[in-house]
Amino acid sequence: MSKLTTESKNILAEFIGGLMKAYARHGAKKTRQKIQNDPVIKKSLEKIAQLDKEVQQDIAKRIKTNPQLKKDIEFFKGL
């Protein structure tokens, strides 16, 4: 009888664990959707994208004027 009880507890624990994982995935999906729809976060992401573009353009300009910088960047890309 105790063996049956032990197995039942393991099955119950696995079942509850599966339910919790499913609930967490669903909650994470809802949270991700809320984050994507948040206007403050959207503005921040747009600002980050704009800054990234500006930095990339600045690096490209500096590479054209400074050949040593290009060599240094290529060296660090290889690491």
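**Helices, contacts and surface of a predicted model**

Trainee: Of the 79 residues of the protein, what percentage counts as buried?
Mentor: The structure is a predicted model, in which local features need pLDDT of at least 70, side-chain atom pairs count only at pLDDT 80 or more, and totals for chains, interfaces and linings use all residues. Residues are numbered from 1 along each chain as its sequence is written, and side-chain values use heavy atoms, without hydrogens or water. Buried means under 20% relative accessible area, exposed over 50% and partly exposed in between (1.4 Å probe, protein chains only). By that criterion, the share of the 79 residues counted as buried is 0%.

Trainee: Which pattern does the protein follow along its sequence?
Mentor: Helices (H or I, at least four residues) and strands (E, at least two) are DSSP runs, numbered from the N terminus. The protein has three helices and zero strands. Its pattern is therefore written with helix symbols, as α-α-α.

Trainee: How is α2 oriented relative to α3?
Mentor: Axes are lines fitted to C-alpha atoms, for helices over the stretch in contact, with angles from 0 to 180 degrees between N-to-C directions. Those of α2 (residues 39–65) and α3 (residues 67–77) come within 5 Å and cross at roughly 120 degrees. This makes the relation of α2 to α3 oblique. Angles under 35 degrees count as roughly parallel, over 145 as roughly antiparallel, 65 to 115 as roughly perpendicular, and the rest as oblique.

Trainee: Leaving aside neighbours within four places in sequence, with which residues is Ile 63 in contact?
Mentor: Ile 63 belongs to helix α2 and is partly exposed, its relative accessible area being 25%. Its C-alpha atom is separated by 9.0 Å from that of Ile 73, 10 residues apart along the chain. With contact meaning heavy atoms within 4.5 Å, the residues that Ile 63 meets beyond those neighbours are Leu 69, Lys 70 and Ile 73.

Trainee: Which residue forms a salt bridge with Asp 58?
Mentor: The structure holds one salt bridge, defined as a side-chain nitrogen of Lys or Arg within 4 Å of a carboxyl oxygen of Asp or Glu. Asp 58 is partly exposed at 34% relative accessibility. The closest N and O atoms are 3.1 Å apart, and the partner is Arg 62.

Trainee: Which helix holds Ile 16?
Mentor: Ile 16 counts as partly exposed because its relative accessibility is 43%. The helix that holds Ile 16 spans residues 2–37 and is α1.
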